[in-house]
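This report considers helix packing, the surroundings of the ligand and a few details of the backbone. The sequence and the structure come before the discussion.

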Amino acid sequence: MLAVVNTPNGPAPIELRQVPEPVPGPHDAVVAVHAFSLNRGELRSFRNNEEGWIPGQDVSGVVLQQAADGSGPSAGARVVALTDEFGWAERVAVPAHRMAVLPESVSFASAAALPVAGLTALRTLRHGAPLLGKRVLITGAAGGVGHLAVQLAARSGARVTGVVGRPERAAGVRELGASDVVVGIDQAQGPFGLILESAGGASLATALHLVEAKGAVVVFGNSSGEPTSIGFADFRGGQNARLQSFFYFTSGPEEQFGPDLALLVSLVADKSLTPQTGPERSWRELAHVAEELRDRKLGGKAVFRVEA
Ligand SMILES: NC(=O)c1ccc[n+]([C@@H]2O[C@H](COP(=O)([O-])OP(=O)(O)OC[C@H]3O[C@@H](n4cnc5c(N)ncnc54)[C@H](OP(=O)(O)O)[C@@H]3O)[C@@H](O)[C@H]2O)c1
């Protein structure tokens, strides 16, 4: 079958190649991948993995073969799935508990935007529950995680302020449900009960000055690549606030991935969550689009169609 493989020493970081078919374990279904999406974190994984490795975490497609232990969706089901790797291929083996069935109304493209970004948005927001009436600040609001987090927070009754990097991104974020959008975190007026922080560096340092007493700053990324220097005095305005780290893959019990994916799918189906996927592209455009993502030229999520 064809798959995207890592080529760290090649002219592009990845290329399409023929690879062996996946070998499912007893609890794995085999999925024919129709679409997948790209996450900022995966740009780093190109550099950190060896030649020939197959990346890919967010996939949607059709179950070709149900897990041998009888668990999970049966053959023919349209599904969205979260894999740790190997997803950018014509076929992938996926643990049965890391899938959710898609209703006909949810496209493969919308679904492919959900696993890593949607689970991260959902679960970082849970650190601020209850959200009804709470002021929530979301950095990277126009990005893959951010645009879903803005919608989920607003739908949960929070008053959302989104932080974007450029003025032209602001209008789209307001449409997603943010009551305020600021260009740069320096422009945000605190205090906030919950802050989702993924830019790192100076943004994280500023976030500590914007959190309210007993509020929470959830640190889940470092898009800037910059370190942050913090001290006890930074919490003077937000006394007893919590600095919470977040890693989606260990953020809950394994068996909760399927139900949380199903929740996200149901919100897309009832139109209370709309992944911003832009034009769907061929997976042959992946290396080029990865560059655009790295250079902050993309908003929302880049989604790719898998073609033979
Ligand atoms: N811990 C976890 O489990 C987990 C899970 C998912 C993602 N993450 C991390 O969370 C972050 C967001 O992920 P994502 O997939 O939403 O990424 P994304 O689609 O690239 O969005 C990131 C957003 O951050 C903004 N940003 C601000 N400062 C930036 C900088 N110096 N460099 C790059 N972007 C900057 C960009 O805003 P503008 O477009 O307005 O410039 C961009 O929209 C990444 O750091 C990612 O690695 C962590």
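For the helix pairs below, axes are lines fitted to C-alpha atoms over the stretch in contact, and angles run from 0 to 180 degrees between N-to-C directions. The model discussed here is predicted. With that convention, helix α1 (residues 40-48) and helix α8 (residues 286-294) pack at an angle of about 115°, with their axes 10 Å apart. Their crossing is left-handed, and the residues that meet are Arg40, Leu43 and Phe46 in α1 and Ala290, Leu293 and Arg294 in α8. Sorted by class, the contact of α1 with α8 comprises four nonpolar and two charged residues, with no polar residue.

| Helix pair | Angle between axes | Distance between axes |
|---|---|---|
| α1 and α8 | about 115° | 10 Å |
| α3 and α4 | about 45° | 8 Å |
| α3 and α7 | about 95° | 10 Å |

Helix α3 spans residues 115-126 and helix α4 spans residues 144-155, and the two pack at an angle of about 45°; α3 and α4 are therefore oblique to each other. The crossing of this pair is right-handed. On the α3 side the contact is made by Ala117, Gly118, Thr120, Ala121, Leu122 and Leu125, while α4 contributes Gly144, Val145, Leu148, Ala149, Leu152 and Ala153. Nine of the residues in the contact of α3 with α4 are nonpolar and three are polar, whereas none is charged.

The partner of α3 in the other packing is helix α7 (residues 257-269), at an angle of about 95°, which makes α3 roughly perpendicular to α7. Here Pro115, Gly118, Leu119, Leu122, Arg123 and Arg126 in α3 meet Phe257, Asp260, Leu261, Leu263 and Leu264 in α7. By class, this contact has seven nonpolar residues, one polar residue and three charged residues.

A polar backbone atom of Val145 is 2.8 Å from an oxygen atom of the ligand. An N or O atom in the side chain of Ser223 is likewise 2.8 Å from an oxygen atom of the ligand, while for Phe220 a backbone N or O atom lies 2.9 Å from a nitrogen atom of the ligand.

The backbone has some further details to record. Most residues other than glycine have a negative phi, and most peptide bonds are trans. Lys214, a residue other than glycine, has a positive phi near 65° and is found in strand β12 (residues 211-219).

Conventions: Residues are numbered from 1 along each chain as its sequence is written. This is a predicted model: local features need pLDDT of at least 70, side-chain atom pairs count only at pLDDT 80 or more; totals for chains, interfaces and linings use all residues. Side-chain values use heavy atoms; hydrogens and water are left out. Helices (H or I, at least four residues) and strands (E, at least two) are DSSP runs, numbered from the N terminus. Angles under 35 degrees count as roughly parallel, over 145 as roughly antiparallel, 65 to 115 as roughly perpendicular and the rest as oblique. A crossing is left-handed if the near helix is turned anticlockwise from the far one by less than a right angle, and right-handed if clockwise. Contact means heavy atoms within 4.5 Å. Ala, Val, Leu, Ile, Met, Phe, Trp, Tyr, Cys and Pro count as nonpolar, Asp, Glu, Lys and Arg as charged, and the others, Gly among them, as polar. A polar contact is a pair of N or O atoms within 3.5 Å; within protein, one must be able to donate a hydrogen and the other to accept it, and residues adjacent in sequence count only if both atoms are side-chain atoms.
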